[in-house]
Amino acid sequence: MKLFQVRGGIHPDYRKEGTSEKPIVSMPLPTALYIPLQQHIGAPAEALVAEGALVKKGQMIARSQGAVSAPQHAATSGRISAIAQIPAPHPSGLSQLTIILEPDGKDEWVELPPPIADPFTVDAHTIHLRVAESGIVGMGGAAFPSAVKLTLGTQKKLDTLLLNGAECEPYLTCDDRLMREYADEVIDGARIMAHALGAPRVLIAIEQNKPDAIAIMTKAAASIAAVEVVSVPVQYPMGSERHLVQAVTGRETPARKLTADLGVVVHNVATARAVHHAVRFGRPLISRIVTVSGGAIRDPNNVEAAIGTKVSDLVEFCGGFSVRPERLVNGGPMMGQPLPSLDVPVVKGMSGILGLTADEINDSPTNPCIRCGTCVTICPCGLSPVDMSSFIRKDNLESAAKLGVMDCVSCGSCSWVCPSHIPLVHYFNYAKGMLNDLDREKRKNDRVKTLVEAHMIRIEKAAEAKKAALAAKKSATAASPAATEPHPASPAPTAEEKVNA
Amino acid sequence: MTLATTSGPFTHKANSVQKVMTTVLLALLPATAFDIYLFGWPALFLFIVTIASCVAVEAVCVSYADRPAKVSLSDNSAVLTGWLMAASLPPWSPWWIGLLGAIFAIALAKHAFGGLGQNVFNPAMVGRTVLLVSFPVIMTSWVLPHPLFSAGAPSFADAIAITFGGHMPDTVSAASALGYVKTELSRGIPVTQSMAQVAQVPDLMDMALGYRAGSMGETSAILILFGGLFLLYKRIISWHIPVGVMATLFLMGTIFHLVDPARFTTGQFHLMSGATFLGAFFIATDYVTSPVSKTGQLIFAAGVGLLAWLIRTFAGYPEGMAFAVLLMNGLTPIIDQYTRPRVFGRSRTGEPLPLTKEKP
């Protein structure tokens, strides 16, 4: 298949060999599962169970709230011991409401929704509902509710479902193993998703550094005309949605648009497998494959763990630490989040847990920028990190915004390559946060301003009306003192004005 | 374990400012070592004095700015500046030329602008240029090659007298090829004739190998090319600036030579003489003072080549590389501003791309 050039990019040390040849192992259930109500982008789920409740495996224990949300399910049967604030796998280390489940050891399934025998004959809505009630979210890391993304086909004309098996992050091999071990499930899930999206074609993009996955997936897809496996060049960040779409289709997604506007929807391979389970067997998303790796991990592995397993148990399962890790990372080393501690649960979007040594991180104190320009050359978004960072250092966010800091995808290529070890992504994330805040503030102020103006106009109009009425009354009184007129009431304050007040 | 909240990435390329600078020094070594051999002890003394002065001035400036001197000195940027300036000096210049140059280069051109990465103009070239306009005689006193340990080469004691005693023997001076052609031209002798004087002007092969009069690090085009290719291989520099500078210079030389051979020297002559190779591979490619984007670098390089040719051909100075680089340094910020890459998903003007399914 003809591929298209993607700008920039880097070739980091991939270090996948630590786990790429290790088959997926299932981790035994721990003594307690901690299932956060929010494991996705959007509104947190609402707990359906109370402390002390007995639940079964696969039972929905929290339902989705609002348009963008996802429910949570029990990964095994047992007793709800508490619903409490537990530290979330988030850099802040802040706590969030979490359901704590004590397994009873029986691992008894709840009565699951019936399998959809022939998903290609049912309408798209049935699949959306099934995916939504199964709690499936994007498993590549973004954790956007998949059902919402599957409804894009109802709004836009789609021609391609692009399945993302690029796995361009160093260390991570969970998608590689998944494709090698469950190729048929992934492809079936992808076809179901394509059907739900109304997309006639499925492309599965895999980076060339995964030859086994490419071979196995190609073989599994050989008999299906609508599915094609595409091997894409090893070039970080190939797995970035917009860049992958460009590499495979040549279409460049305009700023502030979605790839769906160009007819392409991208889903991760693990999401496809989850959809397969949900549709074919009625099974909700209650476990995921996590790559546990890094120089500090004694026995790196690809572990299938129940959602809610404590990361400390996961690391213990992989032999614990052989040396003290310098940094714990949730996800890949390029775009992953720093983990505040091991005392957090495995969530649906967690693709890797890395215990990295100082040598692997290879960071050093920041030096002055020597304007080598490498960041400009390698930026996959065509930005000028060198200029943006110098503006942001002076807190000149407006100029940084003009240079396109909001178009930065935080892929980390510039920080990785910088000879002066300037934390460029940190600057850009700061600027993006501040600019978002400023934007929100501005919109709020604008809204208040229009409301105040409208309010003033109404008061003026009312005053004028009153005056006119008074004048009319006076003249009427002069003409006939007996005449009475209803007093013109000033209009009742609208809801908006009340809010404003 | 680091718990401080910070953004990724949590892995970095094995790269540092120090590594970059040291690689450039390594690339300079063959050409400079050859010239030190060629011009003997005085060249070595001046080389050491210049670099030591640069490091000392850097230390003073950094301490004055209350920054840790050890960190700044360990990046080797002052050594590189000193080395490049020494490479552009006549090899038998007195010691104070190196010291004065170091003060202008490091204190004035670099630290007055804010230190490493902040300077607009190439420090080594500022140093050299200030010296050239202030001490034109010394700065154009070229000597013919006197290889170390050869007959007629200054002894260690002679060298001390030359570098530190100011005893420049006037019998050994020679014109550089560029200077000779220019002087002859001003006397009404056409280029065709002066270039034919092989007795005075070394032939192009000698010039390429470096067996000729010239600055301390610039005579051997081949060894500089070797170092430049090493930098390209190490990806410290890209082809854009060296190729841009040399192509423009060669093109200008060739075209005008074809038009009027009596007035204009050939493209090859421009390439092989003076500081062309050193300038193209090591001076114009200075990160801090050249544009960051590849398009910008090509424009910058064409400007350097064009200005160098103009100055060599029409201005009062026989060599124009340093001036050309400095002039284009001044334009770097504006070149940068107009040559930023197109942002993904946006047009050149910054508007989001129109929604089409076709390739833009």
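In strand E17(A), A:Leu354 lies opposite A:Ser293. The model is predicted, so that local features need pLDDT of at least 70 and side-chain atom pairs count only at pLDDT 80 or more, whereas totals for chains, interfaces and linings use all residues. Residues are numbered from 1 along each chain as its sequence is written, chains are lettered from A and ligands numbered from 1 in the order in which they are written, and side-chain values use heavy atoms, with hydrogens and water left out.

Strand E13 of chain A (residues 287–293) pairs with E17(A) in the parallel sense over three bridges; two strands pair if DSSP finds at least two bridges between them. Strands (E, at least two residues) and helices (H or I, at least four) are DSSP runs numbered from the N terminus. Strand E15 of chain A (residues 327–330) also pairs with E17(A), in the antiparallel sense and over four bridges. A:Arg327 has A:Leu356 of E17(A) as its bridge partner.

Strand E17 of chain A spans residues 352–356, and five of its five residues are buried (under 20% relative accessible area; exposed is over 50% and partly exposed in between, with a 1.4 Å probe and protein chains only). Cover is found on both faces of E17(A): A:Gly352, A:Leu354 and A:Leu356 are buried on one side, and A:Ile353 and A:Gly355 on the other.

In strand E2 of chain A (residues 33–36), A:Leu33 and A:Ile35 point one way and A:Tyr34 and A:Pro36 the other, and all are buried. E2(A) runs antiparallel to strand E8 of chain A (residues 95–103), to which four bridges join it. A:Thr98 in E8(A) is the residue opposite A:Pro36.

An open sheet of three strands in chain A has the order E3-E5-E6, with antiparallel pairing. Its edge strands, E3 (46–47) and E6 (72–73), each pair on one side only. Strand E5 of chain A (residues 60–63) is joined to E6(A) over two bridges in the antiparallel sense, and A:Gln72 in E6(A) stands opposite A:Ala62.

On the surface of chain B, B:Lys13, B:Lys19, B:Lys234 and B:Arg235 gather in a patch of positive charge. Patch residues have over 30% relative accessible area and no salt bridge, and like charges are joined within 9 Å; a salt bridge is a side-chain nitrogen of Lys or Arg within 4 Å of a carboxyl oxygen of Asp or Glu. B:Lys19 is placed in helix H1 of chain B (residues 17–64) and is partly exposed, with a relative accessible area of 45%.

Methods
Patches are made of residues with over 30% relative accessible area and no salt bridge: like charges are joined within 9 Å, nonpolar side chains (Val, Leu, Ile, Met, Phe, Trp, Tyr) within 5 Å. Accessible areas come from the Shrake-Rupley method with a 1.4 Å probe; for residues, only the protein chains shown count as cover. Lys and Arg count as positive and Asp and Glu as negative; His and the chain ends are not counted. The place of a charge is taken as NZ of Lys, CZ of Arg, CG of Asp or CD of Glu.
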